[in-house]
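Biologist: Please take one part of this model and go through its side-chain pairings closely. Give each cut-off once as you go.

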Amino acid sequence: QPLAVPVSKPSASSGSSTSTGGSSFGNGTAAAKKDVMRKHMTRVISETLSEHPNAIYIGEDVEHGGYYLVTEKLSNRFPSRVCDFPPDETTLLGAAIGYSQLGLIPIVEIPYAKYLDCGADMFFEAAIQNWLTGGTCPNGMIIRLQGFDRGTFGGNFHTHNSLQLPPGVDVLCYSNGEDYVKGFRNALLQAKAGRIVMLVDSTALLNLRHLHGKDRGWERTYPENEDEMMGFHDIRCYGTKGKIAIISYGNGVVTSLRARQLLLDENKILEHDVDVIDCPYISDVPDSLKEVMSSYDRVIFADVCKEGQNPFAGMVVKLRKEGLLPKTWNCVTAPKTYNPLGSVVTFLNVEDVTAAILGK
């Protein structure tokens, strides 16, 4: 079982959300400044390397900032612990296993989600090894999986939206910088205890500032208190009075919030008709999600992964088995196809979610 984390107080953020559940990079003035998700990701990695001398960061071209500049300037501060590896995911993950077993905490950057396929054998080996050895050979690490979901660069190889969820790997996909920081701190805690945690980054969210128009509604402040964590079983609720819930993760949260706002603007729903639930933990059903399910007459699962390879399919089955799924529910996903170069037509979109809300 994952280690318990300190329970943080519910925090307000853009969209009137509520969080449910259980050394700084910059100066004090910058601490209160709202910023995009990527900047907070850089800062929490810097925080981790500052506070944990046995943590190392490895990946392809990470000394120069990585493919999305998440490690920008970190190699200057930690020259021996932010290290480039050749473009070979098998070697990269194999090295992480070795580092972990030597007592280090490896943070492994995979530049694009599709590239995990290239290191699949070693990825599954890391997942099963702890079980095969009865816990005597844990492989605690954090895997940062980038290049996921909505985008126009590189076609399917750089916008892959299918995920592997093997037993032994905790998989999370955050939608905003504040939750990412809190979740990363928890991931570090779990990795130190021997768990493998994979954080999946939605490309479209890394530099997203605006939720609606030019509102800068997706920028967040950095959680200064290093004890503030977001556990695996925590969720974030945008609204708590609706009878319809949209459950999503990553970029699907933004898509769902925009769909709700569109229907509000068109007077097709009332203000408190629909809640959006951000559920970052996608390799199991979070306890906090189970607790709120009874509040809703209808539930829509908005999954950014391809139909047939989507995490929420397993979640629906579990909720059904436990008698927690409402009688009326739906699951909308990305189409079961590949993503072309220069187009976003094959990703989960606002139209998909609005149609589900309206029961079409």
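Modeller: A polar contact here is a pair of N or O atoms within 3.5 Å, one able to donate a hydrogen and the other to accept it, with residues adjacent in sequence counting only if both atoms are side-chain atoms. The model is predicted, with local features needing pLDDT of at least 70 and side-chain atom pairs pLDDT 80 or more, while totals for chains, interfaces and linings use all residues. Residues are numbered from 1 along each chain, and side-chain values use heavy atoms, without hydrogens and water.

Gln146 counts as buried because its relative accessibility is 1% (buried is under 20%, exposed over 50%, partly exposed in between, with a 1.4 Å probe and protein chains only). Its side chain makes two polar contacts: one with the side chain of Arg144 at 2.8 Å, and one with the side chain of Glu109 at 3.3 Å.

Those two partners also pair with each other. Glu109 and Arg144 form a salt bridge through their side chains, 3.1 Å from N to O (a Lys or Arg side-chain nitrogen within 4 Å of an Asp or Glu carboxyl oxygen). Glu109 belongs to strand 4, residues 105-110, and Arg144 to strand 5, so the bridge ties together parts 35 residues apart in sequence. Glu109 has a relative accessibility of 1% and therefore counts as buried; Arg144, at 0%, is buried as well. This bridge is one of 18 salt bridges in the structure.

The surroundings of Gln146 can be listed by contact (heavy atoms within 4.5 Å). Leaving out residues up to four places away in sequence, Gln146 touches Tyr67, Tyr68, Val70, Glu109, Ile110, Pro111, Tyr112, Ala113 and Asp201. Arg144 is in turn among the residues touched by Leu199, whose list also includes Ile142, Ile143, Leu145 and Leu172. Tyr180, Phe184 and Ala187 are also touched by Leu199.

Lys182 and Glu178 form a salt bridge, with the closest N and O atoms 3.0 Å apart. Lys182 is buried at 1% relative accessibility, and Glu178 is buried at 8%. Another salt bridge joins the side chains of Asp179 and Arg236, at 2.7 Å from N to O. Asp179 is in helix 6 and Arg236 in strand 8, residues 235-238, so that pair links parts 57 residues apart. Asp179 and Arg236 are both buried.

Conventions. Helices (H or I, at least four residues) and strands (E, at least two) are DSSP runs, numbered from the N terminus.
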